[in-house]
Amino acid sequence: MRPSNEAILVIDVQNDFCPGGALAVEGGDQIVGPINALVPEFAVRVFTQDWHPVDHSSFASQHEGYDAFSMIEMPYGPQVLWPDHCRIGSEGAAFHRVLDVRAADMIIRKGFRREIDSYSAFFENDHETPTGLEGYLRTRGVDTITMVGLATDFCVNFSAVDAAKLGFKVSVVESLCRAIDLDGSLAAARTGMSDAGVKLV
Ligand code: VGL
Ligand code: ZN
């Protein structure tokens, strides 16, 4: 058992990010068993769930003439347009059936406002609207976070960098993450996380 100041953050281990899903990440399902084995070592256990309304502005289907995986300028900055995924209440938004969700203390949903996406578990993509997770972790006495899940270069990356900026000690277990890797986004994410003081283990 790890000490009480350490939390595990399990990011977006949902059907749509696993093989067969709407935004499948290669090998996404391979990390589920090892994550189940690791979670019980932690005193504080938070899972995240990407959770979008059917008309979410990050969906390419909402922007005429734009294809999935193209870029668009949003009021809060550049945004990748995605295939429709993790629609609220859908099977795709459900956690992978093998993931032991019973072990979670807290499940935080993100991306539920139509106008703004949220990769990070801490702030929406404007980098200033909080999700409330910082307060949850601090009031539980957490100062150190281990992160695993999907996808390495998007939600794990943004969550890890934000947590480090907030002053948490952050480790990302790369063997328990899988990447989308869009145009070198994995390499950029690894550099960005290292520069932010995130430990890649
Ligand atoms: C994610 C793209 C869109 C992720 C979520 O979990 O990394 N990526 N929504
Ligand atoms: Zn999403």
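Figure 1. The accessible surface of the chain comes to about 8800 Å². Carbon and sulfur atoms hold 51% of that surface. Areas come from the Shrake-Rupley method with a 1.4 Å probe; for residues, only the protein chains shown count as cover. The chain has 16 positive and 28 negative charges, and their mean positions are 9 Å apart. Lys and Arg count as positive, Asp and Glu as negative; His and the chain ends are not counted. Each charge is placed at NZ of Lys, CZ of Arg, CG of Asp or CD of Glu.

This is a predicted model: local features need pLDDT of at least 70, side-chain atom pairs count only at pLDDT 80 or more, and totals for chains, interfaces and linings use all residues. Residues are numbered from 1 along each chain as its sequence is written, chains are lettered from A and ligands numbered from 1 in the order written, and side-chain values use heavy atoms, leaving out hydrogens and water.

Figure 2. The chain has four helices and eight strands. Their order is β-α-β-β-β-β-α-β-α-β-α-β. Helices (H or I, at least four residues) and strands (E, at least two) are DSSP runs, numbered from the N terminus.

Figure 3. S185 lies in helix α4, which covers residues 185–195. S185 is buried because its relative accessibility is 14%, and buried means under 20% (exposed is over 50%, partly exposed in between). S185 touches D153 and F154, leaving aside residues up to four places away in sequence. Touching means heavy atoms within 4.5 Å. A polar atom of the S185 side chain lies 2.8 Å from the backbone nitrogen of L182.

Key: Buried means under 20% relative accessible area, exposed over 50%, partly exposed in between (1.4 Å probe, protein chains only). A polar contact is a pair of N or O atoms within 3.5 Å; within protein, one must be able to donate a hydrogen and the other to accept it, and residues adjacent in sequence count only if both atoms are side-chain atoms.
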